[in-house]
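Open your viewer and keep the sequence panel beside it. This tour tells you what to select next and what you will find there.

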Amino acid sequence: QVQLVESGGGLAQAGGSLRLSCAASGLIFSANAMGWYRQAPGKQRELVATITISGRTNYVDSVKGRFTISRGNAKNTVYLQMNSLKLEDTGVYYCNLEYGRDYWGKGTLVTVSS
């Protein structure tokens with residue numbers, strides 16, 4: 001019954017910015033943690049950023065200083081502000097929610113061009 005819906009993906013120039021959003025709905029009270037993963041063409045899915053219910057954040061080294069994950073005021077919402085985008089940021093970005101098990105969105109495509 002849990003559903004995650006991502007939005008905000010698209011095409012951006014290198015050095016530009018995008019803001020991804022994820023809204024969760026269903027039979028959940030509050031997620032223990034939410035995060036963003038991405039999968040580039042020909043690569044394995046990797047963790048990009050996570051945020052716990054207490055607000056603790058973690059980032060993969062390659063995005064530190066450029067991306068910011070945050071929780072929204074609405075329950076079980078999460079955002080990913082992506083600045084100074086690089087070509088290697090291209091991929092499908094997936095929203096993840098931890099609530100006894102992992103739930104996943106269908107993904108939103110981010111394409112960075114030069």
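**Stop 1: the core**

Select Trp36, Leu80, Met82 and Tyr93. Of the 27 residues in the largest nonpolar core, these four touch the most other members. A nonpolar core is a set of buried Ala, Val, Leu, Ile, Met, Phe, Trp, Tyr and Cys residues joined through side-chain atoms within 4.5 Å. Buried means under 20% relative accessible area, exposed means over 50%, and partly exposed lies in between (1.4 Å probe, protein chains only).

Now colour the elements that give two or more residues to this core: β3 (18–25), β4 (33–39), β5, β7 (67–71), β8 (77–82), β9 (91–98) and β11 (108–113). The largest share, 4 residues, comes from β3. In soluble globular proteins, nonpolar side chains tend to be buried together.

A word on what you are viewing. This is a predicted model, in which local features need pLDDT of at least 70, side-chain atom pairs count only at pLDDT 80 or more, and totals for chains, interfaces and linings use all residues. Residues are numbered from 1 along each chain as its sequence is written, and side-chain values use heavy atoms, with hydrogens and water left out.

**Stop 2: Leu80**

Zoom in on Leu80. Which residues does Leu80 contact, leaving aside neighbours within four places in sequence? They are Leu18, Arg19, Leu20, Trp36, Val48, Ala49, Phe67, Thr68, Ile69 and Tyr93. Contact means heavy atoms within 4.5 Å.

**Stop 3: the whole chain**

Zoom out and switch to cartoon. The protein chain has 0 helices and 11 strands. Both are DSSP runs, numbered from the N terminus: helices are H or I with at least four residues, strands are E with at least two. The radius of gyration is 13 Å, close to the 13 Å that the globule rule gives for 114 residues, so the chain is as compact as a globular protein of that length. That radius is taken over C-alpha atoms, and the globule rule is 2.2 Å times the number of residues to the power 0.38. Along its principal axes, the C-alpha trace spans about 40 × 25 × 25 Å. Buried residues make up 39% of the 114 residues.

**Stop 4**

Select Tyr37 and Trp104. Their ring centres are 4.9 Å apart and their planes are at 70°, so the pair is edge-to-face. Rings of Phe, Tyr and Trp (its six-membered ring) pair if their centres lie within 6.5 Å; planes under 30 degrees apart count as stacked, over 60 as edge-to-face and the rest as tilted. Tyr37 is in strand β4 and Trp104 in strand β10 (residues 102–104), 67 residues apart. Buried or partly exposed? Tyr37 is buried at 18% relative accessibility, while Trp104 is partly exposed at 36%.

Arg45 lies over the face of Trp104, at 4.8 Å from the ring centre. Arg45 also lies over the face of Tyr94, at 3.8 Å from the ring centre. A charge sits over a ring if NZ of Lys or CZ of Arg is within 6 Å of the ring centre and within 35 degrees of the ring normal.

**Stop 5: two threonines**

Finish with Thr50, in strand β5 (residues 46–52). Thr50 is buried, with a relative accessible area of 15%. Beyond four places in sequence, Thr50 touches Met34, Gly35, Arg56, Thr57, Asn58 and Ile69.

Move to Thr57, in strand β6 (residues 57–59). Thr57 is partly exposed, at 31%. The C-alpha atoms of Thr57 and Ile69 are separated by 7.3 Å.
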